[in-house]
Amino acid sequence: MTKKVSVKDKKRPRSAAKSTKSKIDASALAAFVLKPSANAAAIVSEYATPLGEQNFGELAQALANSIIEVQSGDMRRCEAMLMAQAQALQSIFMNFSRRTLCQEYQKNFESFFRMAMKAQNQCRMTLETLATLKNPPVIYAKQANIAHGHQQVNNGVEPLAHAEKITIESNELLEKQNGQWLDARAKDPAAGHDSTMATVGKIDGAANG
């Protein structure tokens with residue numbers, strides 16, 4: 001006997017598959033939103049409108065490729081970016097400097113001049129960053145290793161060519177050194193009993209006044 005399949009039973013597998021696909025899509029979207037390249041693409045696409053309409057997916061992929069270049073040690077794109085920013089800041093400095101000379105009032109003059117100096121300072125800092133990126137400073141770290149007991153080893157310090165071990169003990173101060181006694185005087189004989197230090201007898205105050 002053939003069992004009849006209801007319409008509700010036919011719809012259940014499709015509904016479960018749709019729910020699973022929805023979860024996968026939500027998970028993939030969340031992972032994509034958290035990508036640094038996607039975050040940067042969202043900002044770049046808004047500011048790059050003068051260059052034309054941007055394809056968000058292609059822009060995010062291009063940014064992801066640039067991140068991979070930096071992670072692999074290729075800093076050429078970073079160097080080009082810093083140089084381009086320095087040149088743009090130089091243009092801003094020139095623009096505000098020229099506009100400063102056209103101001104009639106002191107307040108406007110100071111405002112434009114201040115903006116010009118800020119652009120100049122940012123340009124200088126950008127070039128310094130570029131120079132540091134091209135020629136990173138070499139840092140020498142000195143490390144001190146403390147061993148057990150009273151021994152200390154300083155890395156980077158050359159050891160003495162002829163180190164001498166000096167041992168001074170309190171019970172060896174009068175011993176011979178280099179064949180001579182430190183105290184050349186003759187030893188005093190042992191002293192006898194001092195009678196004046198005998199026990200004082202009983203004193204009668206009235207008789208010994």
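Ala, Val, Leu, Ile, Met, Phe, Trp, Tyr, Cys and Pro count as nonpolar, Asp, Glu, Lys and Arg as charged, and the others, Gly among them, as polar. Keep this handy for the exercises below, and remember that the model is predicted.

**Exercise 1.** Find out how many nonpolar, polar and charged residues are in the lining of the largest pocket.

*Solution.* Start with the list: the residues lining this pocket are A62, L63, S66, I67, V70, R77, C78 and M81. Now sort them by class. The lining of the largest pocket has six nonpolar residues, one polar and one charged. As for the space itself, its volume is about 190 Å³.

**Exercise 2.** Work out which elements and domains supply the lining of the largest pocket.

*Solution.* First, look at the helices: α3 (56-71) and α4 are the elements that each give two or more residues to the lining. Finally, turn to the domains: domain 1 (27-73) and domain 2 (76-136) each provide at least three residues of the lining.

**Exercise 3.** Decide whether helices α4 and α5 are roughly parallel or roughly antiparallel, and describe their contact.

*Solution.* Begin with the axes: those of α4 (residues 76-100) and α5 (residues 106-134) come within 8 Å and cross at roughly 160°. Angles over 145 degrees count as roughly antiparallel, so α4 is roughly antiparallel to α5. Then check the handedness: the crossing of α4 past α5 is left-handed. Lastly, sort the contact of α4 with α5 by class, which gives 19 nonpolar, eight polar and three charged residues.

Notes. Residues are numbered from 1 along each chain as its sequence is written. This is a predicted model: local features need pLDDT of at least 70, side-chain atom pairs count only at pLDDT 80 or more; totals for chains, interfaces and linings use all residues. Side-chain values use heavy atoms; hydrogens and water are left out. Axes are lines fitted to C-alpha atoms, for helices over the stretch in contact, and angles run from 0 to 180 degrees between N-to-C directions. Helices (H or I, at least four residues) and strands (E, at least two) are DSSP runs, numbered from the N terminus. Angles under 35 degrees count as roughly parallel, over 145 as roughly antiparallel, 65 to 115 as roughly perpendicular and the rest as oblique. A crossing is left-handed if the near helix is turned anticlockwise from the far one by less than a right angle, and right-handed if clockwise. On a 1 Å grid over the protein atoms alone, a cavity is a set of points where a 1.4 Å probe fits but cannot get out, and a pocket is an open set with protein on both sides within 12 Å along at least five of seven lines; lining residues have an atom within 4 Å of a point. Grid points are joined across faces, edges and corners, and a volume is the space filled by probe spheres set on the points. Domain bounds come from an automatic or database domain assignment.
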